[in-house]
Amino acid sequence: MILPIVGYGHPTLRKTAKPIDSDYPNLKQLVSDMFETMYAADGVGLAAPQVDLSIQVVVIGVPVYDEQSKSYGDELEEHVMVNPEIIESKGQMRYYNEGCLSLPGIHEDVLRPERVVVRYFDTDFNEHVEEIDGMYARIAQHEIDHLQGKVFTDRLTPLRKAMVKRRLTEVASGRVQAAYKMQPVKKTVK
Ligand code: NI
């Protein structure tokens, strides 16, 4: 089932999401719905707060690099993280152009570490600790930010923030039409 995505300005995007335990009902169905929602919106990641659920679940689709054509194809390698936590940042800080399904039409270069060590649980509540890099690390950091009530524009310099402010206000007021299903705006929070 495709779930409506909430946009910038929705209060759930600003909450710290709660960890879940193995009693959480229908987790695998939720994960399946989140992937379906992500694919329908042409995204590469989705965090539960973006579908108005303040819990620590993220789905990630890492574009697969094709060595022969030297480019990224349509295929995505799927990852799910429950209660994820970045325990260490490694390597250099790098800029990469990010977008977000909750901030339609906004794309900005965001500075983040190129490698991180992340601790998370899978949907069977087995614990994993992994060092990840590349697109996987980039998307994971963006999605884990959502669980802390952060969006990528929070990480811009004051100048860039000022430059996207008008577009963020347009999203928050519901004036921006996305190509996918979004939840109508009721009340907005910065
Ligand atoms: Ni996002």
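1. The model under review is predicted. The protein chain holds three helices and five strands, and from the N terminus on its elements follow the order α-β-β-β-β-β-α-α. The radius of gyration is 16 Å, close to the 16 Å that the globule rule gives for 190 residues, so the chain is as compact as a globular protein of that length. Along the principal axes, the C-alpha atoms fill a box of roughly 40 × 40 × 30 Å.

2. Burial, surface and contact range. Of the 190 residues in the protein chain, 44% are buried. The accessible surface comes to about 10,200 Å², and carbon and sulfur atoms account for 49% of that area. When contacts between residues at least 6 apart in sequence are considered, 67% of them join residues at least 24 apart.

3. Helix H1. This helix covers residues 27–40, has 14 residues and reaches 20 Å from its first C-alpha to its last, close to the 20 Å expected at 1.5 Å a residue. Its buried residues are Leu27, Leu30, Val31, Asp33, Met34, Phe35, Thr37 and Met38. An α-helix has 3.6 residues a turn, so residues three or four places apart point the same way. Against which elements do the buried residues of H1 pack? They pack against E1, E2 and E3. Just after H1, Asp42 adopts a positive phi of about 65°.

4. Strands E1, E2 and E3. E1 and E2 run antiparallel and are joined by three bridges; Gly45 has Ile60 in E2 as its bridge partner. E2 in turn pairs with E3 in the antiparallel sense over nine bridges, and here Val57 is partnered by Val82 in E3. Four residues separate the strands in the hairpin of E2 and E3, where Lys70 takes a positive phi near 55°. E2 is mostly covered, with seven of its 10 residues buried.

5. Ala48. This residue belongs to the loop between strand E1 (45–47) and strand E2 (57–66). Is Ala48 buried or exposed? Its relative accessibility is 0%, and therefore Ala48 counts as buried. With neighbours within four places in sequence left aside, Ala48 is in contact with Met34, Leu53, Ile55 and Val57. Ala48 and Arg167 are 119 residues apart in sequence, and their C-alpha atoms lie 24 Å apart in space.

6. Strands E4 and E5. Seven bridges join E4 to strand E5 (residues 127–133), and the two run antiparallel. Arg115 stands opposite Asp133 in E5. The hairpin of E4 and E5 has five residues between the strands, and Phe125 there takes a positive phi near 65°.

7. The nickel site. Which protein atoms are the donors of the nickel ion? They are Cys100 (SG), His142 (NE2) and His146 (NE2), lying 2.1 to 2.2 Å from the ion. Along the chain, these donors follow the spacing C-x41-H-x3-H. Cys100 lies in the loop between strand E3 (71–98) and strand E4 (108–121), whereas His142 is in helix H2 (residues 134–147), so the pair ties together parts that are 42 residues apart in sequence. Cys100 is buried, with a relative accessible area of 10%. His142 likewise counts as buried, because its relative accessibility is 8% and the cut-off for burial is under 20%.

8. Asp145 is buried, at a relative accessible area of 7%. Beyond its neighbours within four places in sequence, Asp145 is in contact with Arg112, Lys150 and Arg155.

9. Lys161 in H3. Helix H3 spans residues 158–172 and includes Lys161. At 36% relative accessibility, Lys161 counts as partly exposed. Neighbours within four places in sequence aside, Lys161 is in contact with Thr153, Asp154 and Leu156. Lys161 and Gly134 are 27 residues apart in sequence and 25 Å apart in space, C-alpha to C-alpha.

Note on methods. Residues numbered from 1 in each chain as written. Predicted model: local features only at pLDDT ≥ 70, side-chain atom pairs only at ≥ 80, totals over all residues. Heavy atoms only, no water. Buried < 20%, exposed > 50% of the residue type's maximum accessible area, 1.4 Å probe, protein only. Contact = heavy atoms within 4.5 Å. Donors = N, O, S within 2.8 Å, 3.2 Å for Na, K, Ca; no water. Expected span 1.5 Å × (residues − 1). Rg over C-alpha atoms; globule rule 2.2 N^0.38 Å. Areas by Shrake-Rupley, 256 points an atom, 1.4 Å probe, with all protein chains shown as cover. Pairing = 2+ DSSP bridges.
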